[in-house]
Amino acid sequence: MTVEKKDLDWGSLDFGYRKTDYSYVANWKDGEWDEGGLTADHEIHLSECAGIFHYCQEVFEGLKAYTTEDGSIVCFRPDMNAERMYNSAQRLEMPGFPQERFIEAVKQVVKANAAWVPPFGSGATLYVRPFMIGSGEVIGVAPAPEYQFRILVTPVGPYFKGGLKPITIRISEYDRAAPHGTGNIKAGLNYAMSLRPIMEAHRQGYAENLYLDSETRTYVEETGGANVLFVKADGTLVVPKSHTDSILPSITRRSLVQVAKDLGMNVEERFVEWAEVASGAFVECGLCGTAAVISPVGQIDNKVYGANEEVTFPNGKDEIGPVMKKLRETLTGIQDGALEDKHGWVCKI
Ligand code: PLP
Ligand code: COI
């Protein structure tokens, strides 16, 4: 499919919302989803008593569509987003959106907005945001009786300003998620929790917050919008695990673990104590996620509860380090069709 692209300055896009031509919408009522379809109406009209406004029944996803070198349009592992959104919905007592239909809806809405999928090599992508809300009326604390599933798409540039320049982040004194709470699902309520800490971080000059486990404040969990990766001096990739199941199962992270193994790297998925990071055990650090891709971290500060630690990563302080660079290039190469897709991750639209 070759379409004429919109006349935008693709290279200077930031991570912002820009209305496109179509969204996808489906509604759930009386125990079933309607047929669903495309809409050019980007507004939602709801009762003041809709469940979303009172008890925060909302879950969402994030994935990207890319133009490959030959001009076709693809997206990356939408089956994984379909599955995670299904699980997120179950946790909030919302009806799961059928996973096959999710994939079909993503394809339909991306295809309808093909002119908005940034050209190959522009550095921009089409961000795809499926979400579901409690749309029916509810006043006592209970699941809403009706739901709306939507997908909006918007062309975006890099999530962190400065693109590949290593960022400095800080440990937050706030918690992102309770132990065994909702940290492992993608629900808007987790991000509401992170707004105060992210604004405070920005006011202090930091790009993001690193959250330690909220039970013991000992282990590294993740940041507000991405999982964390470390590299040891011997090149081993170290991927933090959570003993309270409060890290979001990032699709990018799970893909990178496979990519690293395919590249012959040693990978350790295990608990990582902040003390290990602070002792200088790692030479590189990065954040990974759909929006973040891999964003290198040059420094993590811990000024919480009277501490005064500034941890730098010697191989990735001034520019992205060699291991993060290799992983990033391999992943984005698979995503935009430049490298072989051994695992069948790329989904043609
Ligand atoms: N962790 C959090 C809290 C996120 O919001 C995201 C973004 O989706 C990720 C991790 C990365 O997940 P994924 O790679 O599936 O986009
Ligand atoms: C994503 O990476 O898709 C996310 O949803 C993260 C969000 C903080 C933008």
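Some conventions before the details. Residues are numbered from 1 along each chain as its sequence is written, and chains are lettered from A and ligands numbered from 1 in the order in which they are written. Because the model is predicted, local features need pLDDT of at least 70 and side-chain atom pairs count only at pLDDT 80 or more, while totals for chains, interfaces and linings use all residues; side-chain values use heavy atoms, with hydrogens and water left out.

I start with the cores. A nonpolar core here is a set of buried Ala, Val, Leu, Ile, Met, Phe, Trp, Tyr and Cys residues joined through side-chain atoms within 4.5 Å. Buried means under 20% relative accessible area, exposed over 50%, and partly exposed in between, with a 1.4 Å probe and protein chains only. The largest such core has 36 residues, and V110, M132, F149 and I151 have the most contacts inside it. Two or more residues each come from β1 (23–29), β5 (63–67), β6 (73–76), α2 (78–91), α3 (99–112), β7 (125–134) and β8 (147–156). These elements are DSSP runs numbered from the N terminus: helices are H or I of at least four residues, strands E of at least two. The most comes from α3, with six residues.

Which residues does V110 contact, leaving aside its neighbours within four places in sequence? They are A65, I73, V117, L126, V128 and I349, where contact means heavy atoms within 4.5 Å. Another core, of 24 residues, lies apart from the largest one and includes F160, L212, F230 and A292.

Next, the ligand. Around ligand 1 there are 17 residues, each with a heavy atom within 4 Å of it. Y191, E222, S250, T252 and T290 come nearest. An N or O atom in the Y191 side chain is 2.5 Å from a ligand oxygen. For T252, a polar side-chain atom is 2.5 Å from an oxygen of ligand 1, and for T290 the distance is 2.6 Å.

Now the cysteines. The disulfide count is zero, with a pair of cysteine sulfur atoms within 2.5 Å as the criterion. The cysteine sulfur nearest to that of C285 belongs to C288, 10 Å away. C285 is buried at 2% relative accessible area, and C288 is buried at 0%.

Last, N113. This residue sits in the loop between α3 and β7. Is N113 buried or exposed? N113 is buried, at 0% relative accessible area. Leaving aside neighbours within four places in sequence, N113 contacts T20, D21, Y22 and V153.

Definitions and conventions:
Polar contact = N/O pair within 3.5 Å; in protein donor to acceptor, adjacent residues only side chain to side chain.
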